[in-house]
Amino acid sequence: MSGTYPVQGKRLVARVRLLLACAVAGAVGSVWAEVVPWLYDVEVAVPSQSDADRRRAAGGALAEILTRVTGLREIPFGSNVDVAIRRSERYYVRYGFATRDIQPEDGGDAVAQTRLEIHFERGTLLDLLRRTGLPVWSADRPTVLVWVVLERDGALSGGARGARPTQGGARDVVSSTSVGTAEEVALTMDREARRRGIMLTFPLMDLEDRGLRVTDLWGRFWTAIMRASQRYTRDLMLLGRVASHPSGGWSSHWELKSPGDEQELAATFAHRGSSAAAVAGEAVHRVADALAYRFAVRGGDLDTIALTVRGAQTVRSYAAVLAYLQSREYINRVDVSAVEPGVLYLKLHSRSAPDQLVELLLMGGYLSESRSASRTPPLSVPGLELVWMGAR
């Protein structure tokens, strides 16, 4: 990989912060981000189903889950983390074994492999993060639609059907049905996204998608790309151009964008690697780094923020509001200050900064900004006012 990543990474996350803030602000009242359903589920390879192999593998699985829920690419190992890794059985509630055909990371034919499947307990994990002062990244995360074009000299390496040769070589689009090198790219991006806890979607490249030309993607014609992307659920779009390099290896250029703005880019970054799959995997990590930098709540003083929630008209909807807020990883505790018809006055205890807390609460579409005049809630100081939109 390129040795310039630290500088590029700082620029990337700084630029992404601005765009993501605009994306959240523009998404008020609409669904933005999805809950990652498998965030606390990890699957790792084991030599056998013995207790010794299970314990060793469970420690590695806990290290992976910590990467997901902190947003950190590398976990700083201190005494508390070391003890947790050695005693990982404290943090998971069930496990099982399965045999699957797994594609090796270096390519080649799929091989049968015994896998340990572990479900970690959310509450004990969050307690560990709070004790160690590690960041907490909620399960509410943006979905990313990925458009990747591969170019290499010579014959096609295999990709989505309909790949088109060019004067400099061959270009094809990575899709959910790719084969050959393009399939390796898709599998690597999926694998690294799973490790980081982000959800990727690849285009189908069916007859409807064929209206988008490969040259539109390679030329970064965002008007055409936006039009083709409308059929997919996405909060952000990642466009990548990956090409074999004359001196060996592969080079890549990536752009991250919000669907709501054809002009404003969240970030651009470029890097090289030994293979197309390697540069694609690194791109996933850079996107995950930027998202975590924006949305992960870092250790700090526990603060109390007053929240007024309107729109909950029944006892059942009151309970739904409380259950929703109590399930957010970035909220330590929810206290009820007072209740009026259609209004809940709450106190949220969180280590999140107030502006970040607002962004996080608006993600998912359950809550939206209130358009009514703010009133001073009883038993509390004036604070944030939101409207309950109801569980989806």
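Q: How many bridges join β2 to β4 in this predicted model?
A: Strand β4 covers residues 111–120 and runs antiparallel to β2. Within this pair, A45 stands opposite R115 in β4. The number of bridges joining β2 to β4 is five.

Q: Which strands stand at the edges of the open sheet of three strands?
A: The strand order is β2-β4-β3, with antiparallel pairing. Each edge strand has a single partner strand, so one side of each is left without a neighbour in the sheet. Neighbouring strands are turned by 25 degrees against each other on average, direction ignored. The edge strands are β2 (41–45) and β3 (92–102).

Q: At about what angle to β2 does helix α2 run?
A: Helix α2 spans residues 51–70 and lies across β2, β3 and β4. Its angle to β2 is about 135 degrees.

Q: Are α3 and α4 roughly parallel or roughly antiparallel to each other?
A: The axes of α3 (residues 79–86) and α4 (residues 122–132) come within 9 Å and cross at roughly 155 degrees. Angles over 145 degrees count as roughly antiparallel. The two helices α3 and α4 are therefore roughly antiparallel.

Q: Which residues of α3 and α4 make the contact?
A: The residues of this contact divide into three nonpolar, two polar and one charged. From α3 come N80, V81 and A84, and from α4 come L128, R131 and T132.

Q: What percentage of the residues of the protein chain count as buried?
A: The secondary structure of the chain comes to 10 helices and 17 strands. Buried here means under 20% relative accessible area. Of the 392 residues, the buried share is 50%.

Methods
Residues numbered from 1 in each chain as written. Predicted model: local features only at pLDDT ≥ 70, side-chain atom pairs only at ≥ 80, totals over all residues. Heavy atoms only, no water. Axes fitted to C-alpha atoms, helices over the stretch in contact; angles between N-to-C directions. Helix = DSSP H or I, 4+ residues; strand = E, 2+ residues; numbered from the N terminus. Parallel < 35°, antiparallel > 145°, perpendicular 65-115°, else oblique. Contact = heavy atoms within 4.5 Å. Nonpolar A, V, L, I, M, F, W, Y, C, P; charged D, E, K, R; others polar. Buried < 20%, exposed > 50% of the residue type's maximum accessible area, 1.4 Å probe, protein only. Pairing = 2+ DSSP bridges.
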